[in-house]
Amino acid sequence: METKKKLTTASGRPYVENENSQTAGPRGPILLQDYILHEKMAHFNRERIPERVVHAKGSGAYGKLTITHDISKYTRAKVFNAIGKETKLFLRFSTVGGEKGSADTERDPRGFAIKFYTEDGNWDLVGNNTPVFFIKDPKKFGDFIHTQKRDPYTNCKSATMMWDFWSLNPESLHQVTILMSDRGTPYGYRHMDGFGSHTFSFINAANERFWVKFHFKTLQGIKNFTDAEATEMKGKAPDFAQHDLLTHIDNGDFPKWAMKIQVMPEADAKTYHINPFDLTKVWPHADYPLIDVGVLELNENPDNYFAHVEQAAFAPAHVIDGVGYSPDKMLQGRILSYPDAHRYRLGGNYEQIPVNKCPYLVSNYQRDGQMTVNGNHGSAPNYFPNSFDDIEVDQSYKEPAWDFGSSVGDWYDRNAEGENDHYSQPGALYRLMDAQQKQDLIANVVGAMSGIDGPKKDLIVNRQLCHWFRADINLGMAIAKGLELDLSETMKHMPA
């Protein structure tokens, strides 16, 4: 005979009445003592946790990274220490600006966040499907995201807010150019590349430091929606990317990406012609070519979306021995803000949640707090140093010192002379596009900028046009023409 599980309360008490409340007679009021009703309704009221402020809508899967090439001369990280080595991982894709119920095919960057479960702790590589970002200083981040959300008066998305901010921050032009191309509407998650985006550091066995950028090239091939196709799909299948990823993995068609890196010797950063820690810039591959590392594969769907995808928490602060930070200002800001966001959303012990938990040893003196479910380290001391436990500091993990020279603490303009070329790379990107890609970019920009309205419309439009003209004169002219502007009047606002 098949043995079935009993229906129980959260405390384990078996019960029978799961559909009818206890009442005073068949038509009388509900009795206060019906605890089962209380428990069901109280838990239901608490089922939703705060959604992520950014990257709220997402999909995720488990998989593995298999190392195919030796990069031990650059890093001592154990995840890379043998060809053929496999490391389990969890990858979450997402849109950035929309709410949890928004459509998967919105024009938006896509999050590409990976948690590697390594023997030296969990390593979170938290990036996007673009190699750059809109801003280069974290103080601007909250203001920028506000422009991607809802207008406080209309409670609607506002093209005016977006383009006003972008036009006042020309450092955004490189990312805006990517966003307004068809790369801004990828065909699901399987057909797009991923990037660590920031500059990170590698440290090798000789304690030498290198600067590094991470790339994940889709082996399914790049595939994008046109603007019209993405708009149509929002109505037909708003969860298109989730369904596409889920069904392909369920069917055994496991998506893969080739992991590659760019490596810059530490000394090069002092003389390189662009700031290698500027998140609005790429490192040209001619100077720092891609180096093969391994293959990332997704091969297991989570058995419960909330438990795994919704509760997954990634933080650039989580690095491992052999992988470190850099002076990238946006990275420095995220080191602080990401763990803080997770503690607010999931609680101070969010790293005890299975999807976030390091599957290897965790030894420290953190105790107590809400939802402590790991035994709280039992009777072991909760202070350091002490004379009783067996935890010791392993000096082999010591990192080399940072050389800050004679730096002076001050507030430096991120766009001062020498740091204010916002146009060369987006212009070069435009000129790399084929005729159809250029046409799509122009049409997408014109469509998006056509939404600018209000008393400052002309000011915002002309200010943004200045940036397009500086990037490429033909691009600027085509956008101005598409907006049906009086070119003689527009040219009065153009740079000399």
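Rings of Phe, Tyr and Trp, the last by its six-membered ring, pair if their centres lie within 6.5 Å. Keep in mind that this is a predicted model.

Start with F133 and F144. Their ring centres are 5.8 Å apart and their planes stand at 85°. Over 60 degrees counts as edge-to-face, so this pair is edge-to-face. Where do the partners lie? F133 is in the loop between β4 (121-128) and α2 (141-148). F144 is in helix α2 itself. The pair therefore ties together parts 11 residues apart in sequence.

Buried or exposed? F133 has 10% relative accessibility, so F133 counts as buried. F144 has 2%, and F144 counts as buried too.

Next, F225 and F240. Here the centres are 5.3 Å apart and the planes are at 65°, so we have an edge-to-face pair. F225 sits in the loop between β7 (209-218) and α5 (227-236). F240 belongs to helix α6, residues 240-250.

Now back to F133 and F144. They belong to one aromatic cluster.

Last topic: charges over rings. K223 places its charged end over the ring of Y187, 4.0 Å from the centre. K115 lies over the face of F314, and there the distance to the ring centre is 5.2 Å.

That's my tour. Over to you.

How values were computed. Residues are numbered from 1 along each chain as its sequence is written. This is a predicted model: local features need pLDDT of at least 70, side-chain atom pairs count only at pLDDT 80 or more; totals for chains, interfaces and linings use all residues. Side-chain values use heavy atoms; hydrogens and water are left out. Rings of Phe, Tyr and Trp (its six-membered ring) pair if their centres lie within 6.5 Å; planes under 30 degrees apart count as stacked, over 60 as edge-to-face and the rest as tilted. Helices (H or I, at least four residues) and strands (E, at least two) are DSSP runs, numbered from the N terminus. Buried means under 20% relative accessible area, exposed over 50%, partly exposed in between (1.4 Å probe, protein chains only). A charge sits over a ring if NZ of Lys or CZ of Arg is within 6 Å of the ring centre and within 35 degrees of the ring normal.
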